[in-house]
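Open the model in your viewer and keep the selection tool at hand. The stops below go from a sheet to rings and then to charges.

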Amino acid sequence: MQNEGYTIKRIVSVVGGQLIGNQSDTIIVKDILFDSRLLVDAENTLFFALSGGRNDGHKYINDLYEKGVKAFVVNENYVKNGCDDAVFIAVDDTLSALQKLAAYHRSLFDIPVVGITGSNGKTVVKEWLYQILSPSMSVCRSPKSYNSQIGVPLSVWQMNSSNEVAVFEAGISRPGEMEKLRDIIKPTIGVFTNIGPAHGKNFKDIQQKIEEKIKLFDGVKNLIFCMDIVEIADIVVKNVKNSFTWSKIDKGANLFVSSIEISENSKISAIFRGKTISITIPFIDDASIENAINCWCVALLLGLPNDVIAERMAHLEAVEMRMELKAGVRNCLIINDSYNNDRNALAIALDFMNAQHHDNKVLILSDILQSELKEEDLYKNVAQLIENKGVDTFIGIGESLCSSFRAKQRGAEKSSLPKIHLNRKIQSYFYESTSDFLANHPMKMFENQIVLLKGARSFEFERIMKVLQQKSHETILEINLDNLVKNLNYYRGKLKKDTKMMVMVKAFAYGSGNYEVSNVLAFHHVDYLTVAYADEGVELRHKGIKLPIMVMTPETNTFDIIIKHGLESDIYSFRCLSQLEDAINQLDTELKEPVGIHIKVDTGMHRLGFLPDDIDALIERIKANPKIKIMSVFSHFATSDMPEEDAFVMHQVEQFELMSQKIIKAFPYKIIRHMLNTAGITRFTEYQYDMVRLGIGVYGVPVCDEDRGKLHNVMSLKSTIKQIKEYGPGETIGYGRHGKITKLSRIAVIPIGYADGLRRELGNGNACFWVNGKAAPIVGNVCMDLTMIDVTGIDCQEDDTAVLFDDNHPIEIIANACHTIPYEIMTRISQRVKRIYVKE
């Protein structure tokens with residue numbers, strides 16, 4: 001998020017802070033940072049130590065100082081520890097200071113600024129406006145979905161003297177937030193896309209939500225909205241003086257949409273200032289048509305001729321809202337973030353790549369086709385990103401990248417010096433086109449790497465993706481990493497600030513992929529991971545996961561492996577303890593510190609664990625062995641999700657209190673205690689002790705009524721229709737002829753079977769897939785690799801998607817049909833099913 005720079009003294013005067021430490025004014029701030037993991041240019045960065053919830057940016061100051069950051073905005077009660085040549089700006093509230101600085105920065109620009117809000121469509125309208133305006137204007141816009149109390153200041157901070165128009169989106173989740181965003185954005189043109197139930201729980205009703213959202217538009221020259229959305233129109237008319245309306249019904253609107261003709265595209269005709277004008281867009285759904293009309297209105301207000309608008313809107317591209325992480329050839333990981341190719345999106349994607357903790361990082365980048373910067377300045381900026389983000393191999397595709405970075409282009413008669421140099425440690429290759437790359441790059445070089453694809457749509461990077469991704473069949477399990485984090489934060493919100501979080505990643509992270517999920521959890525600062533068996537923990541260590549890992553069910557011959565890989569055993573019996581001691585004795589000369597263990601006590605689950613009569617002898621054994629250190633003592637609830645068994649829960653708490661107190665009092669060091677599982681975190685929060693263990697809840701499955709409707713789905717299982725055929729009455733489908741056809745029917749075959757984890761109990765109409773929003777019952781028996789579904793009456797064709805469970809079709813429905821629990825459905829999904837990880 002760069003601009004031309006501010007001195008420290010100027011920033012102090014803007015935010016109203018007190019200068020502490022280094023009083024020199026030599027630092028020029030061009031970058032502002034609130035997340036220590038996203039550092040790019042230490043020399044010119046000002047770090048805002050934001051505090052909120054369970055996290056506090058102040059604890060990352062020393063680490064950032066070691067990396068070269070010398071300027072910090074801190075709360076006034078912050079006590080400086082070292083960092084002698086750094087400068088600190090002490091303020092009452094660091095978030096407020098960030099917003100003040102951004103608001104001041106915005107005030108320096110006298111250009112049209114478009115502010116967008118609404119329940120849906122904000123990001124699409126913003127991105128489409130960029131596509132429409134950027135060929136002839138320098139456009140500053142929000143990166144991705146940066147529309148929050150933090151995201152908006154970071155977006156506005158990007159504004160620079162070359163910009164001719166800016167487009168920012170603003171989102172709120174509760175009353176009182178929009179005024180702050182309005183003062184930062186100060187829009188001259190407003191767009192109210194629509195209104196719906198999203199983020200509605202903190203508002204009394206839809207009227208209050210609209211009234212809060214329109215506060216963004218105080219003082220705008222024109223507010224664009226659809227008169228046909230009555231709830232918005234009624235409130236806007238009363239509260240906003242200047243508006244630009246559009247309507248499909250009211251001919252008095254500024255833009256009266258007279259007709260919409262839908263075929264392969266949508267032709268939209270309208271009356272504007274007494275003349276008939278039209279546009280055609282390459283989309284036919286209602287949401288896209290609505291978003292396009294809003295964009296049309298903005299372009300008209302900015303004075304673009306309609307023939308120019310129409311030509312550009314005819315080539316609108318779909319807005320890719322998320323990155324995908326997939327398994328690739330030769331043990332590679334592939335991040336597909338094509339079609340969203342600008343400097344800010346590149347920075348975000350590189351941060352995501354770094355979060356995967358891979359030692360060998362490859363960036364494949366196409367020419368950046370739309371930028372407000374001059375080409376040389378743009379690619380100097382890109383070069384700095386590549387170096388600062390730790391890219392090991394850079395592959396540039398396109399004539400501009402070739403001319404900017406490469407000394408001699410293929411086929412050139414004379415050698416010329418490159419304009420931009422990369423660090424010599426970075427391997428670099430340049431190709432003039434995607435075809436050139438595919439024909440000439442040695443593909444066997446892609447091995448044990450993480451590869452980020454960032455390409456403009458015209459470069460067709462899907463061709464590269466097709467070559468690099470691991471070949472697998474057309475059934476996929478999609479894992480939404482953003483929703484995983486939302487669930488993590490939901491449960492964190494129930495805890496005290498100092499309570500630690502342990503997350504279960506056993507059983508292949510409940511089927512979702514233990515390495516990929518563990519990476520995300522590590523990035524978001526969980527304190528512990530838990531696996532069932534040693535080999536799961538060893539795999540995570542081999543892939544670079546450094547978090548403490550507890551092994552819940554150590555097997556007899558694995559204690560030496562556990563110790564060597566820095567894992568921590570769950571010790572639940574004296575036999576188990578003896579096996580650990582034997583391993584310690586064998587590895588004695590290799591041990592640099594005591595081996596950490598976790599003591600499990602049996603308080604009523606009656607599975608594994610020490611009983612009350614064992615505790616004295618256990619304490620004596622461990623005290624006698626200085627090579628063992630107790631990290632935690634814990635137990636497991638049997639009925640925390642069953643209100644009718646709450647009395648038994650309290651019995652377990654009492655037992656745990658007695659046994660754990662005896663253990664922690666016997667040792668001179670701190671021993672963590674933990675009792676709560678997922679249901680316990682919600683229903684028995686008062687017994688959170690020092691740490692909690694989060695399991696299936698983080699994967700989006702509620703285990704108690706209190707959490708229903710509050711979690712976000714993480715996993716979606718999808719397949720693809722391979723063939724569709726028609727059968728008449730009397731025909732039968734599948735093994736055993738159990739699928740009976742009683743009327744003319746269309747039967748589709750999809751490549752998923754019980755070898756993929758689709759339970760046979762779901763056959764013969766006991767469950768359905770969802771095809772284009774319609775239920776398609778399973779016909780006949782589920783086969784090993786294939787399943788047949790009835791798509792009679794459904795508008796579908798071969799290669800369409802068939803969904804078993806997703807955001808709209810809960811996995812619990814499938815579990816109930818199998819008379820089991822979601823845990824079993826999730827963990828039975830075969831590893832031959834391709835996992836795709838998505839992130840906005």
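Two strands pair if DSSP finds at least two bridges between them; strands (E, at least two residues) and helices (H or I, at least four) are DSSP runs, numbered from the N terminus. This is a predicted model, in which local features need pLDDT of at least 70 and side-chain atom pairs count only at pLDDT 80 or more, while totals for chains, interfaces and linings use all residues. Residues are numbered from 1 along each chain as its sequence is written, and side-chain values use heavy atoms, without hydrogens and water.

Select glycine 190: its bridge partner is leucine 223 in strand 13. Strand 12 (residues 189-192) and strand 13 (residues 222-226) pair in the parallel sense over three bridges. Now show the open sheet of nine strands, with mixed pairing and the order 10-11-9-12-13-14-15-16-17. Its edge strands, each pairing on one side only, are strand 10 (139-141) and strand 17 (275-281).

Next, the rings. The whole structure holds 21 aromatic pairs (rings of Phe, Tyr and Trp, the last by its six-membered ring, with centres within 6.5 Å; planes under 30 degrees apart are stacked, over 60 edge-to-face, the rest tilted). Select phenylalanine 394 and phenylalanine 405: their centres are 5.5 Å apart and their planes at 65 degrees, so the pair is edge-to-face. Phenylalanine 394 is in strand 21 (residues 393-397) and phenylalanine 405 in helix 13 (residues 399-405). Then select Phe47, Phe72, Tyr78 and Phe88, a cluster linked by ring pairs.

Last, select lysine 70, whose charged end sits over the ring of tyrosine 65, 4.9 Å from its centre (NZ of Lys or CZ of Arg within 6 Å of the ring centre and within 35 degrees of the ring normal).
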